Every structure is written in C-alpha cells, then in structure tokens.
Amino acid sequence: ARITLRQLLDHAAERGYGVPAFNINNMEQGLAIMEAAKACDAPVIIQASRGARTYANDIMLAKMIDALAEIYPDIPVCMHQDHGNDEATCMTAIRHGFTSVMMDGSLEADAKTPASYEYNLEITERVARMAHWVGASVEGELGVLGSLETGESEAEDGHGAEGKLSQDQLLTDPDQAVDFVTRTKVDALAIACGTSHGAYKFTRKPTGDILAMRVIEEIHAKLPNTHLVMHGSSSVPQELQDVINRYGGDMPQTFGVPVEEIVRGIKHGVRKVNIDTDCRMAMAGQFRKVALERPGEFDPRKFLKPAMDAMRDLCRARFEAFGTAGNA
Ligand code: G3H
Ligand code: 13P
Ligand code: ZN
C-alpha cells in the first residue's frame with residue numbers, strides 16, 4: 001500500500017527506528033528493494049532522482065511503483081522525489097503518484113552555487129504549502145553537503161576563498177534549523193554533517209572531526225519532533241570495493257559512513273537514511289564478475305539476476321541494522 005513520508009516517519013519515530021531510502025532507476029532495483037523488504041517485513045522508501053526520471057521516464061516509473069505495490073501488497077511504500085530542485089519537479093512528481101518530495105533549496109536550482117537562506121526558505125515554504133494541499137509530504141535541506149576534509153562542497157562553485165566552503169556552510173546550524181522547520185513546515189529535514197554523495201566521502205575511517213554526528217545530536221535536542229534525514233549515507237563497504245577491484249575494476253581506496261554511526265544517528269532523530277552508491281556498487285560488482293568469469297555470456301538476465309540478488313542482500317542488511325525490519 002502507498003504511504004506518505006510523514007506517515008512512515010511518524011511511525012518510525014514512535015518506535016525508534018530508521019528507514020533507508022534507496023534510489024531506483026529500473027525494475028531490477030525496485031524488485032531488489034521489495035524482495036528485501038518482504039524477507040524481513042520492512043516498510044520502504046523508494047526514491048527517484050531527476051536523473052532517474054529522465055532515464056526511466058515518469059510514466060514507466062509510476063507504473064513500476066504501481067506494479068511493485070501490487071506484487072507486494074503487505075509492504076507500505078513511500079515513493080519519494082530525491083533532490084527536487086524547483087517547484088515544477090516536485091509538482092510533476094506528485095502528479096505521477098509520488099507521495100513525498102524533497103525540495104532541495106540548499107543549492108540554487110542550477111546546482112552551481114550554495115543558495116542564500118532566504119531563497120531556500122522561500123522556495124521550500126512554497127513547495128510545502130502546495131504539496132500539503134494535495135496530501136504529499138515534503139523534505140527540505142539546510143546546509144550544503146560536502147567534505148570537511150577538503151572544504152569542497154557539492155556545488156561546483158563554492159563561495160569564499162578558493163571556492164572552498166567554510167565549516168559553517170558544511171554543517172547545519174541548529175538554531176537556523178529551528179527557524180527553517182518552523183517557517184517552512186517541512187515534514188522532514190535533511191542536514192549537513194560532513195557526508196557527501198558518491199563513493200569518495202572520506203580518505204580514512206571517519207572520526208568526529210570529519211563526520212560531525214554531534215551536529216545531529218544538537219539539532220535533535222532543539223527539534224525533538226522533527227524527522228531528520230541523512231544524505232550521502234552509503235557505507236561504501238570494503239567487501240564491495242574488493243569485489244569491483246577483484247574483477248577488473250579500478251576504484252581507489254575510500255571510506256563511507258559506517259553503519260554504526262548511522263545507528264547512532266537513529267538514536268538522535270535520524271529517520272530517513274539515503275543510500276544509492278552502495279546499491280550501485282553491489283550491482284556493478286556482479287556485472288564485472290559475470291563479465292570476467294564468463295566472457296561468452298551475452299544474456300542480460302545473467303548479469304542482472306546476480307546484481308539484483310546482491311542489491312537485495314545489501315538492502316536487507318540495512319533494514320536489519322536500522323531497525324526497519326519487523327515494522328511493515
Ligand atoms: O543524490 C544523488 C543520488 O545518488 C542520485 O544520483 O542523480 O545520478 O541519479 P543521480
Ligand atoms: P550515497 O551516494 O551515499 O549513496 O547518497 C545517496 C543520497 O544521498 C541520495 O539522495
Ligand atoms: Zn542526497
């Protein structure tokens with residue numbers, strides 16, 4: 001059955017669990033998430049980026065979600081727009097059956113510059129008002145994702161000297177978070193705490209100086225009833241790096257967000273945990289393995305089935321670690 005982000009995260013807060021939000025672009029990823037959820041009785045958040053919507057087509061995605069909900073009638077499904085960057089993206093998502101949207105006003109719509117606070121406040125408030133009219137939920141974001149190691153933001157062109165962002169911009173300010181949530185009325189708030197998107201988050205196992213979980217604790221203390229969202233939350237497990245590299249890949253050593261840090265976040269108000277890179281790596285490792293071990297293989301299913309199984313196992317491990325399992 002369909003469920004909004006607000007309904008799901010309210011339940012998660014009541015029971016003290018977190019929900020991974022996995023990105024999808026195709027049928028195999030959708031089936032992998034649902035198989036994992038069914039195996040451990042977990043509710044799901046399936047999210048599509050703007051890139052996913054372009055890749056798969058809105059109608060394809062919408063009907064795929066219908067199909068998944070029909071195939072797995074006992075699993076509550078929240079369908080969420082990941083990183084909506086303007087009103088049109090959010091409204092067209094809702095029109096295609098998404099029950100939740102992210103209005104990411106932390107960057108300007110062109111994603112090249114960090115946005116002003118006023119810009120973020122205004123556009124997020126407007127999207128929240130419109131989405132709430134029609135019963136959809138809204139996630140906002142305050143703070144720019146980026147590395148505390150290098151000062152590089154995800155905006156291509158950071159403000160300030162040498163294009164680097166300050167710690168201030170890379171870490172959500174708790175007092176500003178209170179103002180933002182109160183004024184925009186978002187259902188969930190994505191925060192910046194030193195994580196970034198993709199595989200190359202940290203050059204070493206992160207400690208408190210580069211992964212600022214304390215910021216989450218401070219925000220939660222001021223906003224105990226707000227559902228917090230962690231972006232860039234792939235753990236980039238060593239095993240997945242090893243599989244890719246064993247079968248002809250060439251990924252330099254890297255470190256993600258340890259699962260135990262996320263579990264700590266969940267104790268302090270984190271309810272939605274965005275994971276895409278880990279799923280991509282799980283699948284890509286299997287593509288490489290089949291390609292290298294069976295050079296004569298050309299049936300796409302022989303590549304996609306092991307990839308789907310690897311993603312399913314990854315999803316299930318996160319459902320279990322975050323306490324989502326058993327809560328469908
Ligand atoms: O926010 C980033 C997600 O991993 C989606 O990535 O825009 O390449 O689909 P994408
Ligand atoms: P990862 O790249 O760490 O998987 O983060 C995904 C994400 O935040 C999607 O919004
Ligand atoms: Zn994200």
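Helix α8 (residues 174-184) packs on helix α9 (residues 213-222) at an angle of about 45 degrees, the two axes lying 9 Å apart. That angle makes α8 oblique to α9, given that angles under 35 degrees count as roughly parallel, over 145 as roughly antiparallel, 65 to 115 as roughly perpendicular and the rest as oblique. Keep in mind that this is a predicted model, where local features need pLDDT of at least 70, side-chain atom pairs count only at pLDDT 80 or more, and totals for chains, interfaces and linings use all residues. Residues are numbered from 1 along each chain as its sequence is written, while chains are lettered from A and ligands numbered from 1 in the order in which they are written.

**Confidence**

- Mean pLDDT for the protein is 97, with 99% of its residues at 70 or more; pLDDT is the predictor's confidence in each residue, from 0 to 100.
- For the complex, the predictor gives an ipTM of 0.99 and a pTM of 0.98.

**Helix pairs**

- A quick note on terms: helices (H or I, at least four residues) and strands (E, at least two) are DSSP runs, numbered from the N terminus.
- Axes are lines fitted to C-alpha atoms, for helices over the stretch in contact, and angles run from 0 to 180 degrees between N-to-C directions.
- On the α8 side, Pro174, Ala177 and Val178 meet Glu218, Ile219 and Lys222 of α9, contact being C-beta atoms, placed from the backbone, within 7 Å.
- That α8 with α9 contact has four nonpolar, no polar and two charged residues; here Ala, Val, Leu, Ile, Met, Phe, Trp, Tyr, Cys and Pro count as nonpolar, Asp, Glu, Lys and Arg as charged, and the others, Gly among them, as polar.
- Helix α2 (residues 27-40) and helix α4 (residues 58-71) have axes 11 Å apart and an angle of about 30 degrees, so they are roughly parallel to each other.
- The crossing of α2 past α4 is right-handed.
- Met27, Gly30 and Met34 from α2 meet Met64, Leu68 and Ile71 from α4, a contact with five nonpolar, one polar and no charged residues.
- α12 (277-293) and helix α13 (residues 300-321) cross at roughly 145 degrees, their axes coming within 8 Å.
- Residues in that contact include Ala282, Met283 and Phe287 of α12, and Phe303, Pro306 and Leu314 of α13.
- By class, the α12 with α13 contact splits into eleven nonpolar, two polar and two charged residues.

**Ligand shells**

- Around ligand 1 you'll find Asn23, Ser49, Gly51, Ala52, Asp82, His83, His197 and Asp276 (C-beta atom, placed from the backbone, within 6 Å).
- Both α3 (50-56) and β3 (77-84) supply at least two residues of the ligand 1 shell, which has one nonpolar, five polar and two charged residues.
- Ligand 2 is surrounded by 14 residues, the closest being His231, Ser234, Asn274, Asp276 and Thr277.
- Elements giving two or more residues to the ligand 2 shell are β3, β8 (270-275) and α12.
- The ligand 2 shell divides into one nonpolar, ten polar and three charged residues.

Conventions
Contact = placed C-beta atoms within 7 Å. Left-handed = near helix turned anticlockwise from the far one by under 90°.
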